[in-house]
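Here's a quick tour for someone meeting this structure for the very first time. Have a look, and then we'll start with one pair of residues.

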Amino acid sequence: MMNSLPPVKGDRIICELPLYFTRDAAVHTKDGFNITVREACQGQKTGLNVAKVIVVGDVGVGKTCLINRFCKDSFDRTYKATIGVDFEMERFEVLGVPFSLQLWDTAGQERFRCIASTYYRGAQAIIVVFDLSNYESLDHAREWLEDAMRDNDPSSVLLFLVGTKKDLSHPDLLAQMEQEAIRLSEEIRAEYWAVSALSGASVRDFFLRVASLTFEATVLSELEKNNSRRAGDIVKISNNCDNNFKKRQSSCCH
Ligand SMILES: Nc1nc2c(ncn2[C@@H]2O[C@H](COP(=O)(O)OP(=O)(O)OP(=O)(O)O)[C@@H](O)[C@H]2O)c(=O)[nH]1
Ligand SMILES: [Mg+2]
């Protein structure tokens, strides 16, 4: 079945870590992939290939358009509410390793909130979206994050705060909104991005960054797990040795 998949699109092949949007609010500001991760990928010591990403935020802020711009390179001016939750799978190749993002596009409408929240569990990344031309939607971002975080492990989830509809925002309002958003990003330890699904500005850069950082974090945690498992085995083996040694000791003494 793997063989029937078409090759990963050229612009989804990532060899270098893509840059953050702004230094003030970046998950990290290193200019390359973690060396341990690079080495693990070279030796193909990683079997990992998929990460779950959930996209949350107020109704109509542009979550679906953001995903559609990236996945289908299309934009729809007419609003079609997401019912419950939608799902897109996007394939990448990072440092020579196949990697996919499962993008869960949740509904912002209050009446679907309960259904949508049942899909939050087990995310590697959370994207909180707000509308750069609507202050209220930024004000609600913290609430969305708290909700999405309830079923996830705060120490391992990567957070992104994304302002959409940059094309609509007046420059003065945009500057003010960005200042607020960067302040919030620092506080909640999210990486901030401003994009436009209409023009496509920064959309691709954003998702490549999400894929890269999620990949890096997941490989690191996989390596950590393997190491502790190996350390666990060593402890077990040495316990056995101890027992054998004691047995031998007891048999030769008596
Ligand atoms: N000008 C402009 N309009 C946008 C942009 N992104 C989305 N829109 C418009 O905003 C409206 C809502 O977009 P959606 O992507 O459906 O919003 P949503 O967040 O998915 O909404 P729910 O599914 O109800 O939660 C649509 O009419 C889009 O055309 C953008 O970058 N610029
Ligand atoms: Mg939607």
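This is a predicted model: local features need pLDDT of at least 70, side-chain atom pairs count only at pLDDT 80 or more; totals for chains, interfaces and linings use all residues.

Val53 sits opposite Ala125 in β5. Strands here are DSSP runs of E with at least two residues, helices are H or I runs with at least four, and both are numbered from the N terminus; two strands pair if DSSP finds at least two bridges between them.

β5 also pairs with β6 (residues 158-164), again in the parallel sense, over seven bridges. There, Ile127 has Phe160 in β6 as its bridge partner.

Residues are numbered from 1 along each chain as its sequence is written, with chains lettered from A and ligands numbered from 1 in the order written.

## Is β5 buried or exposed?

Seven of the seven residues in β5 (125-131) are buried, that is, 20 or more other C-beta atoms (placed from the backbone) lie within 10 Å of their own. In a regular strand, side chains alternate between the two faces of the sheet. Both faces of β5 are covered, with Ala125, Ile127, Val129 and Asp131 on one side and Ile126, Val128 and Phe130 on the other.

## The whole chain

The chain has seven helices and seven strands, in the order β-α-β-α-β-β-α-β-α-α-β-α-β-α. Of its 254 residues, 38% are buried.

Conventions: A residue is buried if 20 or more other C-beta atoms lie within 10 Å of its own, exposed if 12 or fewer, and partly exposed in between; C-beta atoms are placed from the backbone.
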